[in-house]
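Subject: Structure for your files

Hello,

Please find the structure below, followed by notes on what was found in it.

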Amino acid sequence: MTNFFKALQTFWADEEGATAIEYGLLASLISVAIIVPVGLVRDDLVGIFNAIAAAL
């Protein structure tokens, strides 16, 4: 039973996976920060490309 508690304490103190979670959260925040502005200017870009296509 002592080995179980020792293993549980080791697992609880291990912070190696926390770094991966932090990087995942950071990547998701960056992607949201990119997607939101692109979504806001999407209509303007569609209008510009339609004007170019009509001119051609």
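Of the 56 residues of the protein chain, 0% count as buried; buried means under 20% relative accessible area, exposed over 50%, and partly exposed in between, with a 1.4 Å probe and protein chains only. This is a predicted model, in which local features need pLDDT of at least 70 and side-chain atom pairs count only at pLDDT 80 or more, while totals for chains, interfaces and linings use all residues. Residues are numbered from 1 along each chain as its sequence is written, and side-chain values use heavy atoms, with hydrogens and water left out.

Overall shape. The C-alpha trace of the protein chain spans about 80 × 15 × 15 Å along its principal axes. Its radius of gyration is 24 Å, whereas a compact globule of 56 residues would have one near 10 Å. That radius is taken over C-alpha atoms, and the globule rule is 2.2 Å times the number of residues to the power 0.38. The accessible surface of the chain comes to about 5300 Å², with 72% of it belonging to carbon and sulfur atoms; accessible areas come from the Shrake-Rupley method with a 1.4 Å probe, and for residues only the protein chains shown count as cover.

Helices. The chain has 2 helices and 0 strands. Both kinds of element are DSSP runs numbered from the N terminus: helices are H or I with at least four residues, strands are E with at least two. Helix H1 covers residues 2-13, and its end C-alpha atoms are 17 Å apart, which agrees with the 16 Å that its 12 residues should span at 1.5 Å a residue. The expected span is 1.5 Å times one less than the number of residues. H1 is hardly covered, with 0 buried residues among its 12.

Helix H2 takes in residues 16-55, including Leu40. Leu40 is exposed, at 66% relative accessible area. Ile48 is also found in H2, and its 46% relative accessibility makes it partly exposed. Between the C-alpha atoms of Ile48 and Asn3 there are 68 Å, for 45 residues along the chain. Ala20, another residue in H2, is exposed at 52%. From Ala20 to Ala54 the C-alpha separation is 48 Å over 34 residues in sequence.

Surface. Val32, Val36, Leu40, Val41, Leu45, Ile48, Phe49, Ile52 and Leu56 make a nonpolar surface patch of about 930 Å². Patches are made of residues with over 30% relative accessible area and no salt bridge, joining like charges within 9 Å and nonpolar side chains (Val, Leu, Ile, Met, Phe, Trp, Tyr) within 5 Å.

The structure holds 1 salt bridge, defined as a side-chain nitrogen of Lys or Arg within 4 Å of a carboxyl oxygen of Asp or Glu. The side chains of Arg42 and Asp43 form it, at 3.9 Å from N to O, and both residues are exposed.

Regards
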